[in-house]
Amino acid sequence: MEIKHISIQVTSEECGFKRFTETAADLTAYILSPLSQAPGRLRPAVIICPGGGYGFVSQREDQPIAMAYSAAGFQSFVLHYHVEPEVFPLSLMELARSIAWVREHAAELSVDPEQIFICGFSAGGHLACSLGMFWNRPFLYEPLGLSGEVLRPAGMILSYPVISSGEMAHQGSFINLLGDRKDDEEMRRLVSLELQAGPETPPAFIWHTWEDQSVPVENSLLLAMALKKAGVSTELHIFPRGKHGLSLANMETSNEEGDCLVPECQCWMPRSVEWIRNLKTGAQGIC
């Protein structure tokens with residue numbers, strides 16, 4: 001495996017406001033070497049957006065997730081995007097530029113350019129889902145000098161995602177995301193992603209826990225219903241037990257108290273791998 005760090009730069013001019021800093025985001029790539037028996041094999045790619053309420057980037061949803069997807073034979077990337085005091089749409093533009101970079105370099109990375117997925121956790125799920133909703137919106141691709149098709153993910157893997165800015169909102173995420181515009185009704189509606197789903201939204205794999213007290217399960221339910229209405233293929237898993245932020249729900253990502261160790265939730269990772277591999281069959285599931 002080769003580990004690379006790619007600088008993802010989005011300027012103040014591109015994002016439409018004066019940034020607090022002009023530093024680049026980091027896209028960490030975990031690149032598997034070609035196998036001798038299949039030197040030309042192209043692999044799916046997964047770009048991971050850890051959570052953190054748009055206030056930080058969680059380590060628990062960073063390298064452990066990348067290693068799990070690498071173990072499944074995927075090329076894995078983790079985006080360390082900017083958080084507050086930077087605001088929307090900077091992190092979204094960083095993710096957009098990241099997927100464009102992976103697609104542009106697909107041949108040298110042994111990546112199938114038609115199989116580039118985005119995976120997000122909590123607020124990182126909001127970021128990943130935002131790209132799924134906005135990849136074809138001019139406000140996103142035009143300032144970056146890109147085309148919408150270059151930005152389209154093959155699918156979205158959303159783990160206990162922040163979705164709605166309404167009654168079931170994780171308010172802290174939207175305060176951090178919008179900054180001074182946190183009370184702007186038009187902006188809050190724009191980033192309330194259950195209101196943005198349409199037939200061009202990529203397929204989704206979503207999982208959440210019924211007990212989540214930080215980001216209510218209604219966020220995933222509202223999104224799933226919107227995707228159903230839009231005719232978008234969706235696989236949804238709701239687990240009865242587990243707090244917010246489980247990550248892999250195993251010993252690797254649990255805390256010292258062990259309250260992030262929930263064996264029945266650990267199946268989400270292999271199920272997401274199966275979903276990626278079988279996406280073209282149109283299979284759906286709810287558990």
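Because the model is predicted, local features need pLDDT of at least 70 and side-chain atom pairs count only at pLDDT 80 or more, while totals for chains, interfaces and linings use all residues. Residues are numbered from 1 along each chain as its sequence is written, and side-chain values use heavy atoms, with hydrogens and water left out.

The chain holds 11 helices and eight strands, these being DSSP runs numbered from the N terminus (helices H or I, at least four residues; strands E, at least two). Its radius of gyration, taken over C-alpha atoms, is 18 Å, close to the 19 Å that the globule rule gives for 287 residues, so the chain is as compact as a globular protein of that length; the rule is 2.2 Å times the number of residues to the power 0.38. Along the principal axes, the C-alpha trace spans about 55 × 45 × 40 Å. Of the 287 residues, 59% are buried, where buried means under 20% relative accessible area, exposed over 50% and partly exposed in between (1.4 Å probe, protein chains only). Among contacts (heavy atoms within 4.5 Å) with a separation of 6 or more, 74% are accounted for by residues 24 or more positions apart.

The largest nonpolar core comprises 67 residues, and those with the most contacts inside it are Leu-27, Ile-47, Phe-77, Val-102, Leu-131, Leu-140 and Leu-151; such a core is a set of buried Ala, Val, Leu, Ile, Met, Phe, Trp, Tyr and Cys residues joined through side-chain atoms within 4.5 Å. Helix H3 (residues 90–104) supplies the largest share of this core, nine residues. When neighbours within four places in sequence are left aside, Leu-131 is in contact with Leu-92, Leu-95, Ala-96, Ile-99, Ile-118, Leu-140, Leu-151 and Pro-153. Another core, of 29 residues, lies apart from the largest one and includes Val-78, Ile-157, Cys-265 and Val-273.

Six salt bridges were found in a search of the whole structure, a salt bridge being a side-chain nitrogen of Lys or Arg within 4 Å of a carboxyl oxygen of Asp or Glu. In one of them, Arg-97 pairs with Glu-14, the closest N and O atoms being 3.1 Å apart. Since Arg-97 lies in helix H3 and Glu-14 in helix H1 (residues 12–15), the pair ties together parts that are 83 residues apart in sequence, and both residues are buried.

Arg-271 and Glu-235 also meet through their side chains in a salt bridge (3.1 Å, N to O). This pair links distant parts of the chain, with Arg-271 in helix H11 (residues 268–277) and Glu-235 in strand S8 (residues 234–239), 36 residues apart. Arg-271 is partly exposed, at a relative accessible area of 32%, whereas Glu-235 is buried, at 5%. A further salt bridge joins Arg-271 to Glu-274, with the closest N and O atoms 3.7 Å apart; being three residues apart in helix H11, Arg-271 and Glu-274 are separated by about one helical turn. Glu-274 counts as partly exposed, at 41% relative accessibility. Through shared partners, salt bridges join Glu-235, Arg-271 and Glu-274 into one network.
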